[in-house]
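Please read them with the structure open.

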Amino acid sequence: MAPIKIDHLTFQYDQQPPTLTDLTLTIPAGQLSLLVGPSGCGKSTLLKLMAGLYPTFGGQLLHGHVDVATDQQIGFMFQDPDQQFTLDTVRHELIFSLENLQVAPDEIDRRVQQALRFCHIEPLADRQFSTLSGGEKQKCALAIMIAMDSHIFLLDEPFASVDPQSRKQLLDQLAVLRDQYHKTIIITDHDLSGYDTLVDQIYQFNPQRQVRQLATEQRHTLLASYHQQAHVPVALPGATDHEVIHLQSLTLARGTRSLLTAADFSLYAHKLTLITGHNGIGKSTLFTALVRMFAYQGTITLDGTDIQAIRKKKYWQQIALVFQESAHQFIDITVAEELALSKQHRLTDYFSDQKIDQALTQLGLDGMDERVVYSLSEGQQKKLQILTMLIISPAILLLDEPLKGLDRQSINQVFQLLHESCQAQHQTAIIISHQLTDLATWVDYHVVFDQHHLQYAEVL
Amino acid sequence: MNPSLKLLTVLLASLEISFTYNTAANLLIVVTASIYLISHRIRWRALMWLLVVPLIPAVGLFTTIYFFGAHQLATAVALFTRMYAYVFAGAAFTLTTSPLVLAHSLEQNCHLPSKFAYGTLAAFNMLPKIKTTILTIKNAAAMRGVTLSWWSPRLYFKAILVAITWSENLAQAMISHGFVEGQPRSTYSVVRVTASDIGWTIGLLVLLQAPIVWAGLH
């Protein structure tokens, strides 16, 4: 199989400085390569150029070209597991993909079965996509790539909404595809844990958007820095802690499926609490229940008052959810307008103009005032969203996967800001995250959501 | 019955009654549609709903025409029953046809470009998500202190923006799953047009002419 050759490539999106400048790179066939670098550095762009999605779907190729052998089928896994299926069920989508390749009907049956078996998702075959978790959807996406007999597997931050267990299963399968079927696999990822024995090459993008291939030594150093400091001890709530949210005989269910039963559970004030748990277990649902967007049975109290007794508008000034989809929380058009809007509605003056400027620089969002928020990269949108919510400064902040799409440096800067704000204003933060690297430094308490129960854990 | 022919039958029948004031023809459609729905084991509750939901607009039409309009009972009754004919004909189609099979049929039997067939299908599968997204946008704004009412243009601007992003992502996803516009595809499940499908279509449409012709003769 031929390697992928990128030759003096310059690519830009409309009216922005080039995203990739004079990039020359050869990615070997039959290996697993990782593209790493800060959010917005052009990793996804490069991947989509290889897949031939760009410049068809945007941007301009100013110079150079990408050489991928034309007889090689390319499979692509998108970051957002929700937006990659045309049809309603896994089987229908598999059949649709194979019909596109003009595979004969009896061959379709065989390939569908084979792909489902390889990914261990036979029980999911006839389920609706809307009932699957992020990890399950990505397994289906992989099955489609396999059924299509792809030679090149391009995965664009595929694990952003996937729990660690599913992530490991997916990575193991990718290793099998490389080792036994000699597939070429290229992944962009921020979290490099678990890649040690898998990865053949790492290409690192720096903030100036230059790319270099890491030497073996550098690769090991980089990967080693992500080794899970497994089981870091975390404190348990003490007697002096002041309870802020209390769940009393709370039951959450989606349809007939029970998600959570909490007989008696407290979350504590002025603390940073992390909630972890498998995909689809109901963490986000718990958050939506806490902000009264999801019907529940039982009682939730805030400082001793039943939250149903508080007027919604007033309630949401005390407790606010930072939604998983950053774009949903934007209201205006440009970065400057979004910041101005938050200043207009802020509850405290903690975030002064000077402090906001400082935060923008810290988050690498300075000089972007006139940028349309929707044109920012996923990671930049996330950082801006978190900042706009911090400026408002409600007493309790719920953050649903705030680290999705963020590089390591950004994660620490976001936590730095959150931590300072919480300390200075005695705020409470409750966070859901799959991505755990470096989190032990910042969180006070760790709650594990497992088998329909919430429990404080002594380790992270 | 073949979905495309079923759609054609329903459309032609609805079109025809919209030009005539014929209570018997309307009732014929309601009865035929009911028999069809019952033969497809539709739940009784759903059938009750079909009777209750059009009641308000139908009564509205009736009173407008009978008490405030021409005072002609026959016209008012025809309009009242026509409302039910539309609803039952529509239900006989939508409640018994899967969107996927319809798309296959339109693609294979009517040679609709597959881009439209699957594009529409993808959009259809997205509808429930669009609904929840609008609610999320509304609540997400509320938590920033901004109230977006149900009639706020900002809310729909955002919703359209989300839909545009999604449609672009979906288009990329379709292409990455091997879809190429205008390129032939193989057919896994063949949707046939049988002689009995054509027979039923013609038979039902001819049957509908009976009350209309009869009314014309008298």
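1. Domain spacing in chain A. The C-alpha centres of domain 1 and domain 2 of chain A are 30 Å apart. Domain 1 covers 4-228 and domain 2 covers 243-457; such bounds come from an automatic or database domain assignment. UniProt, in an unreviewed entry, lists "domain: ABC transporter" for residues 4-232 and 245-459 of chain A. UniProt positions are given in the numbering used here, with feature names shortened, and annotations may be inferred rather than shown by experiment.

2. Basis of the values. This is a predicted model, in which local features need pLDDT of at least 70 and side-chain atom pairs count only at pLDDT 80 or more, while totals for chains, interfaces and linings use all residues. Side-chain values use heavy atoms, without hydrogens and water; residues are numbered from 1 along each chain as its sequence is written, and chains are lettered from A and ligands numbered from 1 in the order in which they are written.

3. The domain contact in chain A. Here 23 residues of domain 1 of chain A are in contact with 21 residues of domain 2 of chain A (contact: heavy atoms within 4.5 Å). The two domains bury about 1600 Å² between them, with 44% of it on carbon and sulfur atoms. Buried area is the accessible area (1.4 Å probe) that two parts lose on being put together, summed over both. On the domain 1 side, Ser39(A), Asp163(A) and Tyr226(A) lose the most area to domain 2, together 26% of what that side buries.

4. Two residue pairs are in polar contact, both residues at pLDDT 80 or more. A polar contact is a pair of N or O atoms within 3.5 Å; within protein, one must be able to donate a hydrogen and the other to accept it, and residues adjacent in sequence count only if both atoms are side-chain atoms. Helix H4 (134-147) and helix H5 (164-181) of chain A are the elements giving two or more residues to the domain 1 side. Helices (H or I, at least four residues) and strands (E, at least two) are DSSP runs, numbered from the N terminus.

5. The interface of chain A and chain B. The contact takes 52 residues from chain A and 43 residues from chain B. About 4300 Å² is buried between the chains, and carbon and sulfur atoms give 59% of that area. Gln83(A), His328(A) and Ile331(A) supply 18% of the area that chain A buries against chain B, more than any other three residues.

6. The rule finds three salt bridges across the interface of chain A and chain B. In one, Arg154(B) pairs with Asp332(A), the closest N and O atoms being 3.7 Å apart. Among the elements giving two or more residues to the chain A side are strand S5 (74-77) and helix H11 (378-392). H2(A) gives the most, with eight residues.

7. Chain B. Domain 1 of chain B is 3-98 + 193-217, and domain 2 is 114-176. Their C-alpha centres lie 34 Å apart. UniProt's unreviewed entry lists "transmembrane region" for residues 20-39, 46-68, 83-103 and 198-217 of chain B. Residues 198-217 of chain B are 100% helix, with end C-alpha atoms 28 Å apart.

Conventions:
A salt bridge is a side-chain nitrogen of Lys or Arg within 4 Å of a carboxyl oxygen of Asp or Glu.
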